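The sequence and structure are shown first.

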Amino acid sequence: MSENVIQQKLFDAKKIKEDFPIFRNNPDLVFLDNASTTQKPQSVIDTLSHYYENYNSNIHRGIYQIAEKATAAYEKSRDKVTKFIGAGDRRSIVFTKGTTESINLVANSWGGQNLKPGDEVLITEMEHHSNIIPWQLICERTGADLKYIPINEDGTLDLSNPDKYFKNKTKIVCVIHQSNVFGTVNPITEIVKYAHEVGALVLVDGAQSTPHHRVNVTELNCDFFAFSGHKMMGPTGVGVLYTKPEILEAMNPFLGGGEMIRKVTLEGSTWNDIPWKFEAGTPNIAQVIGFGSAIDYINKIGRDTITDYENELLKYAQEKLQTIPGINIYGTAKDKGAVISFNLENIHPHDVAHILDTYGIAIRAGHHCAQPIMKKLNVAATNRASFYIYNTLAEIDQLAEGLRKTVELFN
Ligand code: PMP
């Protein structure tokens with residue numbers, strides 16, 4: 001599909017780009033590292049400065065107007081998130097620093113309370129380190145065993161033998177929704193079904209899915225869902241942990257301090273209601289409010305439009321990149337987000353990224369915080385181009401051209 005046809009059918013990415021000051025300030029920048037973090041529209045940046053310039057104050061405690069305004073804006077973001085992911089109950093939404101903190105919260109609080117020797121935690125070989133390390137740490141602490149669902153050559157999960165992995169001993173299953181390396185979108189509903197059949201809970205790492213696809217946690221029926229604001233055009237320092245309220249209610253606090261208590265005495269303390277029981281200390285107020293603004297921005301464009309447009313970008317990029325001599329693309333799942341990991345034969349990924357940078361093209365080179373995948377692929381690192389709504393077909397042409405020149409340089 002040509003750029004014009006996409007514009008008529010979906011929207012004009014070049015126009016969308018005008019909403020992002022970074023592209024005005026770096027007119028030649030081709031930003032293709034969106035799986036790592038995303039650029040921020042003017043509306044999100046303005047929301048942050050508006051808060052600091054007009055009603056900066058701590059929340060949930062000040063008995064004065066600007067504090068009440070800040071509290072209301074912060075809590076409004078919780079309502080926006082609740083609706084955005086189809087949670088149904090705002091008490092399910094805990095604001096954290098990001099996906100990493102959300103998963104650590106579950107591992108420490110739920111895991112510390114519920115895991116014991118002989119239990120199994122089931123994750124997959126496809127996980128980001130942030131969905132591996134917290135489980136390694138808590139398994140070490142509690143004596144539970146950590147098991148892994150393997151991956152197939154095409155970058156999908158090997159779910160051909162569920163009985164081998166989903167067992168009565170399995171207490172929690174933690175799985176990445178969309179792979180940050182392969183782009184694979186995993187069959188969460190099927191995994192939830194297997195897990196619930198054996199009485200295990202399910203945590204979904206939605207860091208890469210939530211920015212790009214419609215997510216409905218009630219339909220997924222997962223027990224925990226974690227994601228980050230900065231990967232969906234929001235500020236850094238804010239993320240979300242969704243938990244079914246009855247599960248969250250039964251969990252011990254993760255961090256202790258101000259805000260999360262009801263009554264403190266020298267002998268002991270009692271806890272605030274959920275979700276505040278899990279929001280100790282002064283939260284990232286500006287960032288949470290800014291995150292609400294990012295959700296507004298996404299809603300304005302429309303999530304289906306984003307997904308459809310990115311599918312077009314992915315299709316186009318795959319076709320273009322396949323014509324590069326010596327390219328090896330990792331991850332060919334049918335259900336796949338707009339992420340392409342690849343290597344060029346005999347050229348180190350860091351060299352590729354460095355040369356592309358000289359043409360103004362920013363892609364990622366490295367292990368993508370997924371060293372077990374690198375081991376499986378038998379490579380030290382890969383290149384990765386990942387797309388978002390402000391990317392254009394012309395930028396994909398530039399990427400392909402840059403790669404072609406890189407190959408020529410090395411041959
Ligand atoms: N999970 C996945 C799949 C990711 O891609 C990332 C970020 N690269 C994370 C978790 C961690 O997110 P954050 O650094 O925002 O906590």
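## Cavity and pocket

The largest cavity has a volume of about 30 Å³. The model is predicted, with local features requiring pLDDT of at least 70 and side-chain atom pairs counted only at pLDDT 80 or more, while totals for chains, interfaces and linings use all residues. Residues are numbered from 1 along each chain as its sequence is written, and side-chain values use heavy atoms, with hydrogens and water left out.

On a 1 Å grid over the protein atoms alone, a cavity is a set of points where a 1.4 Å probe fits but cannot get out; a pocket is an open set with protein on both sides within 12 Å along at least five of seven lines; and lining residues have an atom within 4 Å of a point. Grid points are joined across faces, edges and corners, and a volume is the space filled by probe spheres set on the points.

A search of the whole structure for cavities of 30 Å³ or more finds 1. Its lining consists of Ala35, Gln178, Gln208, His212, Glu310, Gly337, Ala338, Val339, Ser386 and Phe387.

The largest pocket has a volume of about 340 Å³. It is lined by 22 residues, of which Ser36, Thr100, His128, His230 and Lys231 are the closest to its centre. Helix H6 (residues 99-114) supplies the largest share of this lining, 3 residues. Helices (H or I, at least four residues) and strands (E, at least two) are DSSP runs, numbered from the N terminus.

The table gives the composition of the two linings.

## Domains

The domain assignment of the chain gives domain 1 (3-30 + 302-406) and domain 2 (46-299); such bounds come from an automatic or database domain assignment. The centres of domain 1 and domain 2, taken over C-alpha atoms, are separated by 28 Å. Across the interface, 33 residues of domain 1 are in contact (heavy atoms within 4.5 Å) with 30 residues of domain 2. Each of the two domains contributes at least three residues to the lining of the largest pocket, and each likewise contributes at least three to the lining of the largest cavity.

Buried means under 20% relative accessible area, exposed over 50%, and partly exposed in between (1.4 Å probe, protein chains only). In a regular strand the side chains alternate between the two faces of the sheet. E2 pairs with strand E8 (residues 239-243) in the antiparallel sense over 4 bridges, where pairing requires that DSSP find at least two bridges between two strands. Phe95 has Val240 as its bridge partner in E8.

Ile172 belongs to strand E5 (residues 170-176) and is buried, at 0% relative accessibility. Not counting residues up to four places away in sequence, Ile172 touches Val106, Trp110, Glu120, Val121, Leu122, Trp135, Ala200, Leu201 and Phe224. Asp223 lies 51 residues from Ile172 in sequence, with 9.5 Å between their C-alpha atoms.

## Loop residues and backbone geometry

Asp33 is situated in the loop between strand E1 (30-31) and helix H4 (42-55). Asp33 is buried at 12% relative accessibility, and beyond four places in sequence it touches Ala362, Arg364, Arg384 and Ser386.

Cys369 occupies the loop between strand E14 (364-366) and helix H15 (371-377). Although not a glycine, Cys369 has a positive phi of about 55°. Its relative accessible area of 26% makes Cys369 partly exposed. Leaving aside neighbours within four places in sequence, Cys369 is in contact with Glu127, His128 and His129. The C-alpha atoms of Cys369 and Thr358 are 25 Å apart, for a separation of 11 residues along the chain.

Asn221, also not a glycine, has a positive phi of about 60°. Asn221 is found in the loop between helix H10 (217-220) and strand E7 (224-228) and is partly exposed at 34% relative accessibility.

Ile274 and Pro275 are joined by a cis peptide bond, with omega about 5°. Pro275 lies in the loop between strand E10 (269-271) and helix H12 (285-301).
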